[in-house]
Amino acid sequence: MGQVKKRKKIMLISPMLHQGGFERICVMTARLLQKEYDVVIAVFSLEDVAYDISGLQVIDLKLKARKGKLNKGINVFRRSHKLTRLQRKLGIDISYSFGMTANIANALTTGARRKLTACHSFEEIKDVPYMKLISRHSDRVFCCSKKMADLVQKKYGFTNVQALWNPCDIEGIQKQSRVAEGEDLSFWETEDKVLVSMGREDDVKGFWHLLKAFRKINEKIPDTRLAIIGDGEFKEYKELAQSLGIADRVLFAGLKRNPFPYLQKSDLYLLTSLSEGLPNALVEALSLSLPIVSVNCLSGPAEILHENWREAEVKQEVFEADYGILTPAVKPVKNMQTDMEEEEKQLALAASKLLGDPELYESYQKAAASRAADFSKEAYYRELVSCIEEMTK
């Protein structure tokens, strides 16, 4: 009888498993890797779990966030110490962390054979002391976009940086989009075309730009509506919509555990972020064959919507990319007045043109699903396993 191959042991580290991008990736990674490896998830707190963790081994370190600089510093060392003991006890081969606080704790551990850290936002890589720490103490630093990896290499001179696109469960999204029980889709059940955007209430999402651009779109195409799906009260944005005279055409839908029936019924996806890492929402929209108009912010949209991302990223004009339309990056200064900026006008004109051109619209619908496949969970799994096997030879 042949010798049974010993399964390697992987520890995934996340601060929590509440609603969020890298938390979702952590859980998905665990499910993908458990086919080939022994996987455990270590979290600092198991409060407010938003994802299905049934069948997964999850360990609560019970070291949730604390207020005050001193308490935060103490927490860092308590977390890394507890993780190190756990890694040694379980014989961990690879520890792989998600998010800044988890990356810091992981970088300071000494119990795993190899350490992987992952950066998921452009803002994250601008933190010089943090980036130097995790690079110095990680065997590999993953960046969720090629642009981010490129910037990190140029700015810091790190050689252990690699782009690893976030995984998208395309089949799961398509399946969930057909499950609309208990969902209120009345806003979508009209003859109007519904434009949609997703994101929490955060200035980085640039929703004031979105509202002003939509007013211009609605002036040109009156049978249009706008839905914003995401967590938050959006009080000041509701007031802005009122001032713009579009309050009756805009829905602030709130956080949806399953936003995909809403995306499925929409006609166009708009993104107005000031910056991103690699916006999952764009890939999710593509997986449902939803045409996209996005500002060309740092980073992500150019990389998702065009094969030659280096060509696309410098286009600060309306650019019909391979898989969607890019428009100039918007200004970062928050302006809640009703006057329009040039970039908002260009976004509105691009969206209006796309909605009014059936041939162009259909071409982007057809291209969408094929592009989404490049960001599939299967593609992510193959890349990650290749890295794990290389490091644990």
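Which residues point one way from strand 6 (residues 140–143), and which the other way? R140 and F142 point one way, V141 and C143 the other. All are buried, that is, under 20% relative accessible area, where exposed means over 50% and partly exposed in between (1.4 Å probe, protein chains only). In a regular strand the side chains alternate between the two faces of the sheet. Strands here are DSSP runs of E with at least two residues, and helices are runs of H or I with at least four, both numbered from the N terminus.

The model is predicted: local features need pLDDT of at least 70 and side-chain atom pairs count only at pLDDT 80 or more, while totals for chains, interfaces and linings use all residues. Residues are numbered from 1 along each chain as its sequence is written, and side-chain values use heavy atoms, with hydrogens and water left out.

Strand 6 has parallel neighbours. Two strands pair if DSSP finds at least two bridges between them. Strand 5 (residues 114–119) is joined to strand 6 by 4 bridges, and the two run parallel. Strand 6 is joined to strand 7 (residues 161–163) by 3 bridges, also in parallel. V141 is the bridge partner of T117. V141 also stands opposite V161 in strand 7.

S97 is buried, because its relative accessible area is 0%. Contact means heavy atoms within 4.5 Å.

Strand 8 (residues 193–198) pairs with strand 11 (residues 268–271) in the parallel sense, over 2 bridges. L195 has L268 of strand 11 as its bridge partner.

N258 lies in the loop between strand 10 (250–254) and helix 10 (260–264). N258 counts as buried because its relative accessibility is 11%. Beyond four places in sequence, N258 contacts Q176, V179 and E183. A polar atom of the N258 side chain lies 3.1 Å from the backbone oxygen of Q176.

The largest nonpolar core holds 58 residues. Such a core is a set of buried Ala, Val, Leu, Ile, Met, Phe, Trp, Tyr and Cys residues joined through side-chain atoms within 4.5 Å. C119, M131, V152, L263, Y269, I304 and L305 touch the most other members. Helix 11 (residues 280–287) supplies the largest share of this core, 5 residues. Apart from this core lies another, of 32 residues, among them F234, A241, L244 and L360. Not counting residues up to four places away in sequence, I304 touches L278, P279, L282, V283, L286, Y323, R371 and F375.

The structure holds 0 disulfides, a disulfide being a pair of cysteine sulfur atoms within 2.5 Å. For C297, the nearest cysteine sulfur is that of C144, 12 Å away. C297 counts as buried because its relative accessibility is 6%. For C387, the nearest cysteine sulfur is that of C143, 13 Å away. C387 counts as buried because its relative accessibility is 2%.

Note on methods:
A polar contact is a pair of N or O atoms within 3.5 Å; within protein, one must be able to donate a hydrogen and the other to accept it, and residues adjacent in sequence count only if both atoms are side-chain atoms.
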